[in-house]
Amino acid sequence: MYIDPHIHMVSRTTDDYQRMALAGCVAITEPAFWAGYDRSSPQGFQDYFRQLTDTEPKRAAQYGIRHHTWLCINPKEAEDPVFAHEVIALIPSFLACESVLGIGEIGLNKNSRNEIEILEAHLELAAKHDLMVLVHTPHLEDKLKGPRLIMDAIRNQGKLDPGRVLIDHVEEHTVGIVLERGFWAGMTLYPDTKCTPQRAVDIFEMHGTERLWINSAGDWGQSDPLAVPKAQLEMRARGHTEASIRKVSFDNPLAFLSQSGRFKTA
Ligand SMILES: [Zn+2]
């Protein structure tokens, strides 16, 4: 049994839901992100948010999987602040929806001034509505700069508890500083880029399993919606206990996400 706490099902087929259910997936969370193309108007996000809060939960339910979501405008499309603020203004009308856990995945792409303005606007919205936050971190040459800027923005906001914020896409270089500052950390498992299942298990062996989770981020690019059960297999092959396998792939996401009061596995 497992939870995939970060997967972009809008870009996956219904067959993927079936394969995930067969592999033991009982619940997922889907952050709003780039759809593989830039949307031409804020109205495009209105439809996307409907897809996330209405269509995908129904598609997942056919296979006994609980679907939850996070809303935002992703940093890749946040370079135009006027456009981005119009999208952010759409979010409050979706917050009554029971499957919405919070704001995400927000963060930075190129660490630009406009992106930082929009990041701060999202953090303001999260603080105002007492929402949890899921953060995307950039993969640039300087791997520490993006996460540091983001964590500083969260601290400067002043009202957000780091224990209710998860910083995703951590790697060997960033996992330590994220955990030290009291945040939760996520490892994104990709076939070649970001973190492979083998590297994720190495990181567990070096940093322990507290406040850490794994996810597949399965999206429109080359990615693997079964990456979490593959990491479970890797842990089993290396002799990790069933309790620690369950901790990283079920108990930890359950503990973090349950703080929203809305997360369900059945
Ligand atoms: Zn993502």
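## Helix 5 and its cover

This is a predicted model, in which local features need pLDDT of at least 70, side-chain atom pairs count only at pLDDT 80 or more, and totals for chains, interfaces and linings use all residues. Residues are numbered from 1 along each chain as its sequence is written.

The buried residues of helix 5 are covered by elements that include strand 4 (100–107), helix 4 (113–129), strand 5 (132–136), strand 6 (165–167) and helix 6 (175–180). Helices (H or I, at least four residues) and strands (E, at least two) are DSSP runs, numbered from the N terminus. A residue is buried if 20 or more other C-beta atoms lie within 10 Å of its own, exposed if 12 or fewer, and partly exposed in between, with C-beta atoms placed from the backbone.

G146, P147, I150, M151 and I154 are buried in helix 5. Seen down the helix axis, these buried residues fall within an arc of 125°, so they line one face of helix 5. The arc is that of the directions from the helix axis to the C-beta atoms. The face turned away from the buried side carries the exposed residues D152, R155 and N156.

Helix 5 covers residues 145–157, 13 residues in total. At 1.5 Å a residue it should span 18 Å, and its end C-alpha atoms are 18 Å apart, which agrees. The expected span is 1.5 Å times one less than the number of residues. Just after helix 5, G158 takes a positive phi of about 90°.

## Helix 4

Helix 4 has 17 residues. From first C-alpha to last it reaches 25 Å, close to the 24 Å expected at 1.5 Å a residue. Its buried residues are E115, I118, L119, H122, L123, L125 and A126. They cover an arc of only 155° around the axis, which puts them on the same side of helix 4. An α-helix has 3.6 residues a turn, so residues three or four places apart point the same way.

The buried residues of helix 4 pack against helix 3 (81–88), strand 4, strand 5 and helix 5. R113 and K128 are exposed on the other side of helix 4. D130 follows helix 4, with a positive phi near 55°.

## A126

A126 lies in helix 4. It is buried, with 24 other C-beta atoms within 10 Å. Leaving aside neighbours within four places in sequence, A126 is in contact with G102, I103, L131, V133 and L160. Two residues are in contact if their C-beta atoms, placed from the backbone, lie within 7 Å. A126 and Q62 are 64 residues apart along the chain, and their C-alpha atoms are separated by 31 Å.

Strand 5 is mostly covered, with five of its five residues buried. M132, L134 and H136 point one way from strand 5, while V133 and V135 point the other way. In a regular strand the side chains alternate between the two faces of the sheet.

Strand 4 and strand 5 run parallel and are joined by four bridges. Two strands pair if DSSP finds at least two bridges between them. G107 has H136 of strand 5 as its bridge partner. Strand 5 also pairs with strand 6, in the parallel sense, over three bridges. Here V135 has I167 of strand 6 as its bridge partner.

Strand 4, helix 4 and strand 5 make a right-handed β-α-β unit. A crossover is right-handed if, with the strands pointing away from the viewer, the path from the first strand over the helix to the second runs clockwise.

## Strands 1, 2 and 3

Six of the seven residues of strand 2 (residues 25–31) are buried, so strand 2 is largely enclosed by the rest of the structure. Strand 1 (residues 2–4) pairs with strand 2 in the parallel sense over three bridges. Strand 2 and strand 3 (residues 66–71) also pair in the parallel sense, over five bridges. I28 is the bridge partner of D4, and I28 stands opposite H67 in strand 3.

Two right-handed β-α-β units involve strand 2. One is made by strand 1, helix 1 (residues 14–22) and strand 2. The other is made by strand 2, helix 2 (residues 42–61) and strand 3.

## The nonpolar core

The largest nonpolar core has 75 residues. Those with the most contacts inside it are I103, V133, V165, L166, A185, L189 and A200. A nonpolar core is a set of buried Ala, Val, Leu, Ile, Met, Phe, Trp, Tyr and Cys residues joined through C-beta atoms within 7 Å. Leaving aside neighbours within four places in sequence, A185 is in contact with L166, I167, V170, V175, V178, L179, R211 and L212.
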